[in-house]
Amino acid sequence: SFQQTLRRKDERIMMYGPLKPAFETDLLSATKVRFWHIKVFQKVFHMVKATAAELGPWCADLHLASALAESNLRRYEAIVEKNFHACSAGRPISDLDDEIAEVRRASEYVTVRWNMREENDDDLSDKVRALVAFLSQEFQRPSTYRSLIFVNQRHYARLLFELFKRQEYEHLRPGFITGAGRSDQGEANYSLREQVVTMTKFRKGEINCLFATSVAEEGLDVPDCNLVIRFSLYDTMVQYVQSRGRARQANSRFVHMVERGSFMQDQIVRA
């Protein structure tokens, strides 16, 4: 196949254990018991379940806490107010005040519970544990090494950045980059200026491990990398070619992360 003609000796496959189906973390379950009726949070609740399966409970809970943080409340309140006026049908304005108060209570509840959260052994998915083990080995000593890890969700880039920043590796300096603008999953706005600043730091080596969405596959002036990892496998041949092209340094490597036992993923990387 065409893909085989692109394969090189410097490509690797990193295997990880089968992921769980989407599930509710303890924090999400407790939040839903109290605030299941708040419609404006339903999409976030759904995304947290998917994140728990892919990244593990710690990242999922951080996503929930970030999405419901006070800095996002004005946006939720505006949606609640818009929906109220669209179908108020003579309801008293006090009902709107109650709905907004509930949104704030949910935010406060999640923030307090997140700050009290304790770590446990199952906090990371097997996929993330495999990445942690690999990168901790790669960045054991000082170097001019530059790595790029591709994900397919904006919040995955930010959450993995937060996780690796928290680990405080001596020689691994993480950053993340996504498309400019705001997503509808509780993510904060990511500006063009932030893109430029992040890429400048990556070019200078102030960041040497960059978690990125497809925005780094093309269009941005991304420096050549020693290591490119597809945390999220590519969906198209174009994505493969573009991300593969970022590993242009001498002795560079391109790594596909593949779920053990997944016939579909195995076919994608071996076809």
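Over the ring of which residue does the charged end of Arg 146 sit? The charged end of Arg 146 sits over the ring of Phe 202, 5.6 Å from its centre. The views below show a predicted model, in which local features need pLDDT of at least 70 and side-chain atom pairs count only at pLDDT 80 or more, whereas totals for chains, interfaces and linings use all residues. Residues are numbered from 1 along each chain as its sequence is written, and side-chain values use heavy atoms, with hydrogens and water left out.

**View 1. Overview of the chain.** The chain comprises 11 helices and 6 strands; these are DSSP runs numbered from the N terminus (helices H or I, at least four residues; strands E, at least two). Of its 271 residues, 50% count as buried, the term meaning under 20% relative accessible area, with exposed over 50% and partly exposed in between (1.4 Å probe, protein chains only). Contact denotes heavy atoms within 4.5 Å. Among contacts between residues at least 6 apart in sequence, 74% join residues at least 24 apart.

**View 2. Strand 5 and its two partners.** Strand 5 covers residues 227–230. Leu 227 and Ile 229 point one way from the strand, Val 228 and Arg 230 point the other way, and all are buried. In a regular strand the side chains alternate between the two faces of the sheet. Strands pair if DSSP finds at least two bridges between them. Strand 5 pairs in the parallel sense with strand 2 (residues 147–150) over 4 bridges, and Leu 148 stands opposite Val 228. Strand 5 also pairs in the parallel sense with strand 6 (residues 253–259), over 4 bridges; here Ile 229 stands opposite Val 255.

**View 3. The nonpolar core around Phe 231.** A nonpolar core is a set of buried Ala, Val, Leu, Ile, Met, Phe, Trp, Tyr and Cys residues joined through side-chain atoms within 4.5 Å. The largest one has 76 residues, and those with the most contacts inside it are Phe 41, Leu 64, Leu 135, Phe 211, Ile 229 and Phe 231. Leaving aside neighbours within four places in sequence, Phe 231 is in contact with residues including Leu 55, Val 128, Ile 149, Leu 160 and Met 257.

View 4. Phe 164 lies in helix 8 (residues 154–167) and is buried, at a relative accessible area of 1%. Beyond neighbours within four places in sequence, the contacts of Phe 164 include Leu 131, Leu 135, Tyr 169 and Phe 211. Phe 164 and Cys 209 are 45 residues apart in sequence, yet 9.4 Å apart in space, C-alpha to C-alpha. A disulfide is a pair of cysteine sulfur atoms within 2.5 Å, and the count is 0. The sulfur of Cys 209 is too far for a bond because the closest cysteine sulfur, in Cys 225, is 10.0 Å away. Cys 209 is buried, with a relative accessible area of 0%, and Cys 225 is buried, also at 0%.

View 5. Rings of Phe, Tyr and Trp (its six-membered ring) pair if their centres lie within 6.5 Å; planes under 30 degrees apart count as stacked, over 60 as edge-to-face and the rest as tilted. The structure holds 8 aromatic pairs. One of them, Phe 139 with Tyr 145, is edge-to-face, at 5.5 Å centre to centre and 80° between the planes. Ring pairs link Phe 41, Phe 45 and Tyr 76 into a cluster. The charged end of Arg 75 sits over the ring of Tyr 76, 5.5 Å from its centre; this term requires NZ of Lys or CZ of Arg within 6 Å of the ring centre and within 35 degrees of the ring normal.
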